[in-house]
Amino acid sequence: VSEIASRRGKRAFTPCAFYNADGDTLEVYLSGEEFVARRVDGFLTFFVSPDDRADLLGFTLKNLKRNLRDADIRWPASRVLSGAFLLSLAVYLWERTHAESRRKDGPEQRTRESLLDLYRDHADERIRLRNPEALLAR
């Protein structure tokens with residue numbers, strides 16, 4: 001068995017996203033590495049490395065359909081999305097949910113910088129949405 005496994009090698013990880021209709025949450029996985037969830041607020045959770053909490057491996061956007069509707073954004077009918085689209089959306093929606101605070105320092109600024117770091121690192125990626133029909137359903 002170990003010989004067969006070693007011949008196969010490790011399968012390459014492909015960034016992917018999954019829409020959880022029960023929680024109205026978009027889960028985005030940018031790495032196949034082990035992670036822990038770090039809740040930022042009621043809208044955003046980061047997936048981080050258990051060894052280095054600054055190493056961002058993915059994120060979730062909560063209340064996604066409501067936030068898309070409130071921002072008058074239509075979800076594209078595509079199975080493969082660009083990292084630029086998903087991460088721009090994350091930055092935009094997160095900033096919309098925090099517009100009233102107008103804070104430019106502290107935790108909110110660090111969260112914004114973390115989202116922008118993710119954008120810089122993953123904008124060129126193609127991210128497969130595993131269940132687009134769930135997000136397109138009304």
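Reader: What is the bridge partner of Val 36 in E4?
Author: Val 48. This is a predicted model: local features need pLDDT of at least 70, side-chain atom pairs count only at pLDDT 80 or more, and totals for chains, interfaces and linings use all residues. Residues are numbered from 1 along each chain as its sequence is written, and side-chain values use heavy atoms, with hydrogens and water left out.

Reader: What makes E3 and E4 a pair?
Author: Strands pair if DSSP finds at least two bridges between them. E3 (residues 36-39) and E4 have four, in the antiparallel sense. So they qualify. A hairpin of four residues joins E3 to E4.

Reader: Where does Thr 45 lie?
Author: In strand E4, residues 44-48. A strand is a DSSP run of at least two residues, numbered from the N terminus.

Reader: Why is Thr 45 called buried?
Author: Its relative accessible area is 7%. Buried means under 20%, exposed over 50%, partly exposed in between (1.4 Å probe, protein chains only). Therefore Thr 45 is buried.

Reader: What makes a polar contact with the side chain of Thr 45?
Author: The side chain of Lys 62, at 2.5 Å. The cut-off is an N or O pair within 3.5 Å; within protein, one atom must be able to donate a hydrogen and the other to accept it, and sequence-adjacent residues count only if both atoms are side-chain atoms. So 2.5 Å falls inside the limit.

Reader: Why does Gly 32 count as exposed?
Author: Its relative accessibility is 55%, so Gly 32 is exposed. Gly 32 is in the loop between strand E2 (25-29) and E3.
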